[in-house]
Amino acid sequence: MHRITLYLLSYLVLASVPSLVVAADWPGQVSQWHGYPRYDFQVDDRPAYVVAPKQAAKGNPWVWRARFPGFHDEADLLLLKQGFHVAYINTDNMLGSPRAMQHWDQFYDFLHGKGLAKKVALEGVSRGGLFVYGWASRHPGRIACIYADTPVCDIKSWPGGQGNGIGSPDTWQRLLKEYDFTDEEAKSYAENPIDILAPIANAKVPILHIVSLNDQVVPPTENTFVLAERYRMLGGDIEVIEVKEGTDKSHGHHFTHPDPQKVADFILQHASVK
């Protein structure tokens, strides 16, 4: 009886520990990313990849990069050391459109089906803001937190250039085609990140942004600051890191990240599986 009891106790302990994703679970071609294995494959006919930690953390927490996945990746490296996976699917020129969101749904289902955590930390750089807020508003219960780096929060600002920003006429035309909009329909679009915050706030998703105050490409006064004010009015929790000046070459849009550890700590706090 004593031996049987020990067997039962051992089984119950093992059953209570979430299974960890191991290297053999990932398909595709293997390469190295900053010393970590990267697996490239396709999901829903789109190129995608996962960077795996050396030792997965409890519950397999993960970060999902939207657009420019190599930009300001210092926090991702810190998170890999803590056992996070880092994931990305290439929907680059879709600008957060419904078509992109369908690919994102498939990617999430694939990764969650492989054992990654139910809730993910979303990271969006620049136009990546259109993706992370579009998907978060559709699936707020799947979001652990959002970190956004100089994010586009209103297409009228970028690529539209309808305010003080320089805009991007070529990208504006691409957006019209991708969304099947007329010029006037795009200008009156009411599902920008600044417009779709209520489901995210209701789910109490914490948000962290970083901006440069002289950004002429995605001016924070037309994007992050508007979003932050509205999110707080909805009862949401958002913090904004302000960098005084971005580089002249990038029209203020790029800068050396002042505190990657703060970003990593934010994601560790909210996306770790308890």
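**Close-up views of a predicted model**

**View 1. Surroundings of L122.** Beyond its neighbours within four places in sequence, L122 is in contact (heavy atoms within 4.5 Å) with W64, W104, V132, W135, A136, I143, C145, I146 and Y147. The model is predicted: local features need pLDDT of at least 70, side-chain atom pairs count only at pLDDT 80 or more, and totals for chains, interfaces and linings use all residues. Numbering runs from 1 along each chain as its sequence is written, and side-chain values use heavy atoms, without hydrogens and water.

**View 2. Nonpolar cores.** A nonpolar core is a set of buried Ala, Val, Leu, Ile, Met, Phe, Trp, Tyr and Cys residues joined through side-chain atoms within 4.5 Å. Buried means under 20% relative accessible area (1.4 Å probe, protein chains only). The largest core holds 44 residues. W62, W64, W104, F107, L122, W135 and I146 have the most contacts inside it. Helix α3 (residues 98–113) gives the largest share of this core, six residues. Helices are DSSP runs (H or I, at least four residues), numbered from the N terminus. Another core lies apart, with 18 residues, including V63, A264, F266 and A271.

**View 3. Helix α2.** In α2 (residues 74–81), the buried residues are A75, D76, L79 and L80. Seen down the axis of α2, they fall within an arc of 145 degrees (directions from the helix axis to the C-beta atoms), so they line one face of the helix.

Key:
Buried < 20%, exposed > 50% of the residue type's maximum accessible area, 1.4 Å probe, protein only. Helix = DSSP H or I, 4+ residues; strand = E, 2+ residues; numbered from the N terminus.
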